[in-house]
Amino acid sequence: MPSYDPAKVYYITSATVDKILYETPEDQPFTYTAPAGTPVTPTFSTQSTPHNLGVSVWPEAQYSIDGDNYYPVGARIEGAYDAGTMSRQYVECYVYADMSNVYFYVENGNTADTTFSVRYALESLS
Amino acid sequence: MSIVGLWSGKNYLKHANMGTVSMSKPGILAGALYTSTYVVVHNLGYEPLVRAAFDGDNDGTIYPAVDQRGNAGAQAAIFGAPFGLFIDDITTTTVTFRAEWGTALAGTFPLYYRIYIDPTL
């Protein structure tokens, strides 16, 4: 329990706020290495991890392929140009959840195996 | 969602408007895709931060509203999202949610949304 600091300004809110039921620790993202594909024949993978909350939850997530720069799910990360397909390599990552698990849909249009790191939060629906 | 009354040194994002509504699945042909929309009137006088999620199959599987959808066929089966849904337009008075799919779908589904109070005001 943080202590009261008279040097700080505190406020009282009577509004509703988001209720986070679970959040991955900053240094413990969900990780998965997707097999290589190409920009025109990407690999598709669905991975999951249990949350054991027993209720439907609203997942929000950010993902990284270098462990440093994180992007929101739904954003496509584009990479180097692939001369073989005359297209840019890319990755996409999405997340969804049911009453038991969090699912990660990964699309790898890179020509090398790619490790995805996903930091996610599970929010109450009500 | 319970009212929060607290002292805090952190600036929590607060809801101006939030709720769960029943939205129609995409079934109206608009161009090449079938679509449906839902409009929430907020009248905040500014364009707020908005987040949304939905349960497209009414089976307890929740998808964030980031228009995630695969192509038809094998990818869609792997993908899992029953259709695409996204925040289509945010104005100073309304928020429009839009669902799209390649074939007409019937029925309704729950849409969860959060419209936030501007923390700079």
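How many bridges join strand β4 of chain B to strand β8 of chain B, and do these strands run parallel or antiparallel?

A: This is a predicted model, in which local features need pLDDT of at least 70 and side-chain atom pairs count only at pLDDT 80 or more, while totals for chains, interfaces and linings use all residues. Residues are numbered from 1 along each chain as its sequence is written, chains are lettered from A and ligands numbered from 1 in the order in which they are written, and side-chain values use heavy atoms, with hydrogens and water left out.

Strand β4 (residues 33–41) and strand β8 (residues 94–101) of chain B are joined by eight bridges and run antiparallel; strands here are DSSP runs of E with at least two residues, helices are runs of H or I with at least four, and both are numbered from the N terminus. Two strands count as paired if DSSP finds at least two bridges between them. Within this pair, Val40(B) stands opposite Val95(B) in β8(B). In general, strands of a sheet pair through backbone hydrogen bonds, either parallel or antiparallel.

The pair belongs to an open sheet of four strands in chain B, with the order β3-β4-β8-β7 and antiparallel pairing. Its edge strands are β3 (28–30) and β7 (84–90) of chain B, each of which pairs on one side only. From one strand to the next the twist averages 40 degrees, where axes are lines fitted to C-alpha atoms (for helices over the stretch in contact) and angles run from 0 to 180 degrees between N-to-C directions.

Around this sheet, chain B has one helix and nine strands, and from the N terminus on its elements run β-β-β-β-β-β-α-β-β-β. Of the 121 residues of chain B, 44% count as buried, a word that stands for under 20% relative accessible area, with exposed meaning over 50% and partly exposed in between (1.4 Å probe, protein chains only). Among contacts (heavy atoms within 4.5 Å) in chain B between residues at least 6 apart in sequence, 68% join residues at least 24 apart.

Leaving aside residues up to four places away in sequence, Phe97(B) touches several others, including Val40(B), Val50(B), Phe86(B), Leu111(B) and Tyr113(B). In soluble globular proteins, nonpolar side chains tend to be buried together.

Finally, a word on confidence: the mean pLDDT of chain B is 85, and 80% of its residues reach 70 or more, pLDDT being the predictor's confidence in each residue, from 0 to 100. Within chain B, confidence is lowest in helix α1 (residues 74–79), at a mean of 50, and highest in strand β9 (residues 108–116), at 97. Where pLDDT is low, the predicted coordinates should not be read in detail. The model scores ipTM 0.84 and pTM 0.85.
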